[in-house]
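Morning, everyone. I have one structure for you today, and a few minutes to walk through it. Please have a look at it first.

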Amino acid sequence: MRNVVFRFVLAAATALSVLAPAVAHAQAAKGASGLPLPRFVSLKSKSVNLRVGPSLDYAVAWRYLKSGIPVEIIQEYDNWRRVRDADGTEGWVNQALLSGDRTAVTAPWMRGKGESIFVNMRREPQSGAAIIARMEPGVVVHVGECNGDWCHAEAQGVEGWISQGEIWGAYPGEAFK
């Protein structure tokens, strides 16, 4: 009996030692703001400088000239956020220029691949549902919610559902309202 209890305790200790790094990793996935990293947000301002470092002292590498563009926050430092856009460009933006409003880009990886490539917006979150709009790759849409497979989106006054795998701005399987 004593041998069985020892084996159980040893097995439990081994399991905890394996789980401890996973728990630490989950806790490390939060930035200084307490919010998860990475996460998607959008640009709040019509003119946003993307800097090479987290301060006004750093050079401007790129300037965005449209609000609502989705970006992924991948790092935080003080009130600066290191972001990545749909094209993979990375740099630092002041948090005041970012919004928690969710937007996405339709299939940016398909831009320039042909004129007959479209992302379908459907009436219901089902692949067989009626198509209510066909969008070219690279269209920015406002996202209201995602259920893990489909996202309810709006573009130019048209609302419907887009397959989550056809947008950049929501993680695979991510659900939110």
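I'll start with the overall picture and then turn to the aromatic rings.

First, a caution: this is a predicted model. The average pLDDT of the protein is 88, and 84% of the residues reach at least 70. Residues 1-28 are another matter, with pLDDT below 50. Beyond near neighbours in sequence, that stretch has zero contacts in the model.

Now the fold. Of the 177 residues, 37% are buried. Take the contacts with a separation of 6 or more: 52% of them join residues 24 or more positions apart.

On to the rings. How many aromatic pairs are there? The count is three.

Look at phenylalanine 40 and tryptophan 168. Their ring centres are 4.9 Å apart. The planes sit at 85°, which is over 60, so we call the pair edge-to-face. Phenylalanine 40 is in strand S1, and tryptophan 168 is in strand S14. The pair therefore ties together parts 128 residues apart in sequence.

Are these two buried or exposed? Phenylalanine 40 is buried, at 7% relative accessible area. Tryptophan 168 is buried too, at 16%. Together with Tyr171, Phe40 and Trp168 form one aromatic cluster.

Next, tryptophan 62 and tyrosine 64. Their centres are 6.5 Å apart and their planes at 70°, so this pair is also edge-to-face. Tryptophan 62 is partly exposed, at 47%, whereas tyrosine 64 is buried, at 6%.

Last, a charge. Arginine 102 lies over the face of phenylalanine 176, 4.1 Å from the ring centre.

Technical notes. Residues are numbered from 1 along each chain as its sequence is written. This is a predicted model: local features need pLDDT of at least 70, side-chain atom pairs count only at pLDDT 80 or more; totals for chains, interfaces and linings use all residues. Side-chain values use heavy atoms; hydrogens and water are left out. Buried means under 20% relative accessible area, exposed over 50%, partly exposed in between (1.4 Å probe, protein chains only). Contact means heavy atoms within 4.5 Å. pLDDT is the predictor's confidence in each residue, from 0 to 100. Rings of Phe, Tyr and Trp (its six-membered ring) pair if their centres lie within 6.5 Å; planes under 30 degrees apart count as stacked, over 60 as edge-to-face and the rest as tilted. Helices (H or I, at least four residues) and strands (E, at least two) are DSSP runs, numbered from the N terminus. A charge sits over a ring if NZ of Lys or CZ of Arg is within 6 Å of the ring centre and within 35 degrees of the ring normal.
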